[in-house]
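Reader: I would like to learn how to read a model of a protein with its ligands, one feature at a time. Could you take me through one, giving the general idea and then the case at hand?

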Amino acid sequence: MTAPVTTLRPPTGGPPGLKIVLTGPLGVGKTTLVGAVSDIVPLTTEARMTAGGDDTSHSPGKVTTTVAMDFGRLAISNVTVYVFGTPGQARFWFMWDAIVRGAVGAVVLVDTRRLADSFRHLDYIERHRLPFVVAVNQFPDTRTYAADDIRNALTLAGDVPIVEVDARDRDSVRRLLIALVEHVIATTPMPAIVAS
Ligand SMILES: Nc1nc2c(ncn2[C@@H]2O[C@H](COP(=O)(O)OP(=O)(O)OP(=O)(O)O)[C@@H](O)[C@H]2O)c(=O)[nH]1
Ligand SMILES: [Mg+2]
């Protein structure tokens, strides 16, 4: 059975919001995505990269990494969407359980050069039974693949939306988050949403 959608109510009153989680491998563009779309100055927890056994070969110029979370907020129609991004390095994965609590849906951001790096993130979101979309962050000089090829490579169910995104582009990220909210609504019983 699908879990009911819970909404966040700000302590000061006002309209409720939806919490969503953004996850994906190290350096795939999570912090960039939150920064591009947030209506407020995003909360970031960047720190200098330390050696920790993580493969950084796909982002050679990367000097910082998210050590706790990213946080941003945006309005989609009359709904406030709160975006929580997970940290990338394996040594900070203990944060995921705290970040995912109360979320209604997730974005799994992937890089087609290293799809296998996303398996752990997909497993985690599926285990929490969260509706999710897969967002393909198209880096320069990478091949583009048909959605069906990505679906097969990631063994995704037929109803999981696959959306191309430019994590640096506000409109592109907004389209992605609208697709996620629509997917959450489509896969969650309506009385659960209305009653929350
Ligand atoms: N060309 C291009 N570069 C991008 C894009 N998204 C992110 N980048 C670059 O990729 C690097 C890593 O981006 P981050 O946003 O820090 O990635 P992250 O997923 O938050 O990384 P961790 O927190 O360490 O897991 C940065 O140098 C970004 O400028 C994109 O869509 N296109
Ligand atoms: Mg980050």
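This is a predicted model: local features need pLDDT of at least 70, side-chain atom pairs count only at pLDDT 80 or more; totals for chains, interfaces and linings use all residues.

Reader: Which side chains place an N or O atom beside an oxygen atom of ligand 1, and at what distances?

Author: Lys30 has a polar side-chain atom 2.7 Å from an oxygen atom of ligand 1, while in the side chain of Lys62 an N or O atom is 3.1 Å from an oxygen atom of this ligand.

Reader: How many residues surround ligand 1, and which are the closest?

Author: The surroundings comprise 18 residues, and the closest are Lys30, Thr31, Thr32, Thr65 and Asn137.

Reader: Which atoms coordinate the magnesium ion, ligand 2?

Author: For a metal site one lists the donor atoms, and then asks where in the chain they come from. Here the OG1 atoms of Thr31 and Thr66 coordinate the magnesium ion at 2.0 Å. The two residues are 35 apart and link distant parts of the chain, since Thr31 belongs to helix α1 (residues 30–37) and Thr66 to strand β3 (residues 64–66). As water is not among the atoms, the site may look incomplete.

Reader: Turning to a helix, which residues of α3 are buried, and why do they lie on the same side?

Author: A helix can be read by asking which residues are buried and how they are arranged around the axis. In α3 (residues 119–127) the buried residues are His121, Leu122, Tyr124 and Ile125. They cover an arc of only 160° around the axis, and therefore they are on the same side of α3. The elements they pack against are β1 (17–23), α2 (96–100), β6 (105–110) and β7 (132–137).

Reader: Where is Ser77, and what is its phi?

Author: Ser77 sits in the loop between β4 (70–76) and β5 (79–85), and its phi is positive, about 50°, although Ser77 is not a glycine. With a relative accessible area of 71%, Ser77 is exposed.

Reader: How many helices and strands does the protein have, and in which pattern do they follow one another?

Author: The protein has 6 helices and 8 strands, and along the sequence they run β-α-β-β-β-β-α-β-α-β-α-β-α-α.

Reader: What do the totals say about burial, contacts and surface?

Author: Of the 196 residues, 46% count as buried. Among contacts between residues at least 6 apart in sequence, 71% join residues at least 24 apart. As for the surface, the protein exposes about 9,900 Å², and carbon and sulfur atoms supply 55% of it.

Definitions and conventions
Residues are numbered from 1 along each chain as its sequence is written. Chains are lettered from A and ligands numbered from 1 in the order in which they are written. Side-chain values use heavy atoms; hydrogens and water are left out. Donors are N, O and S atoms within 2.8 Å of the metal (3.2 Å for Na, K and Ca); water is not among the atoms, so sites may look incomplete. Helices (H or I, at least four residues) and strands (E, at least two) are DSSP runs, numbered from the N terminus. Buried means under 20% relative accessible area, exposed over 50%, partly exposed in between (1.4 Å probe, protein chains only). The arc is that of the directions from the helix axis to the C-beta atoms. Contact means heavy atoms within 4.5 Å. A residue is near a molecule or strand if one of its heavy atoms lies within 4 Å of it. A polar contact is a pair of N or O atoms within 3.5 Å; within protein, one must be able to donate a hydrogen and the other to accept it, and residues adjacent in sequence count only if both atoms are side-chain atoms. Accessible areas come from the Shrake-Rupley method with a 1.4 Å probe; for residues, only the protein chains shown count as cover.
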